[in-house]
Amino acid sequence: MKKLELYRKKRDFKKTPEPSGKKKAARGTKKKPPEAIFVIQKHAASHLHYDVRLEIDGVLKSWAVPKGPSLDPRIKRLAMPTEDHPMDYADFEGVIPAGNYGAGNVIIWDHGTYVNLCHEPRTKKVISASAGFRRGHVMFWLKGKKLQGGFVLTRRQAGDGDGRTPWFLFKVKDDAAQPKSDITAERPESVVSGATVESIAKKRRVRTWGSRRKK
Ligand code: MN
């Protein structure tokens, strides 16, 4: 399957404000290559979930995490793999209208860059995030606004990588770990606009009225 084909197939870009992924975002400079990015979007679709996305191979590899991330290393969160998303999806926040795929409100719950920590299990030799993803074990150090430190996304062992095997997300035990904390409850807001999934619809409406008035 071609890159992002599944993403585009599921959506009608005349009806959803989500990006089609056709435009290439300029990132980094010649002297300073861009750091890999991550984004976590809180998505109030038919079932509330958090979409965890990591830049790997020029796209956003994506998992839907029903309960969202935790800073408590003892807590493993189910993470269902979903289709690759285009890089500019990292900036998307708003309302996917009723009748469209994934209809519901979306906020940017956290974002930033990450450092790849993937390695060979035996030799501990560093491997690329891309190679880690193919093996079903991605370890990364987040530099976000809410989340920092090491995290792991790992595919269930019996998994054959058919895209439907569940993965799990958990925090690595390090200085940024916060046992007993509940980050999704403590910080429900967007790191970009301050909106919640409940209030984002109102914000959008205000913006629409404003632009109409100018015409
Ligand atoms: Mn979603």
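Histidine 43 is buried, with a relative accessible area of 8%, where buried means under 20%, exposed over 50% and partly exposed in between, for a 1.4 Å probe and protein chains only. Histidine 49 also counts as buried, at 14% relative accessibility. Together with Asp51 (OD), His43 (ND1) and His49 (NE2) coordinate the manganese ion at 2.2 to 2.3 Å, and these donors follow the spacing H-x5-H-x1-D along the chain. Donors are N, O and S atoms within 2.8 Å of the metal (3.2 Å for Na, K and Ca), and since water is not among the atoms, sites may look incomplete.

This is a predicted model, in which local features need pLDDT of at least 70 and side-chain atom pairs count only at pLDDT 80 or more, while totals for chains, interfaces and linings use all residues. Residues are numbered from 1 along each chain as its sequence is written, and side-chain values use heavy atoms, with hydrogens and water left out. The chain has a mean pLDDT (the predictor's confidence in each residue, from 0 to 100) of 90, and 89% of its residues reach 70 or more.

A search of the whole structure finds 9 aromatic pairs, meaning rings of Phe, Tyr and Trp (its six-membered ring) with centres within 6.5 Å, counted as stacked when the planes are under 30 degrees apart, edge-to-face when over 60 and tilted for the rest. Among them, tyrosine 89 and phenylalanine 92 form a tilted pair, 5.4 Å centre to centre with 50° between the planes. Tyrosine 89 is buried at 2% relative accessibility, and phenylalanine 92 is buried at 6%.
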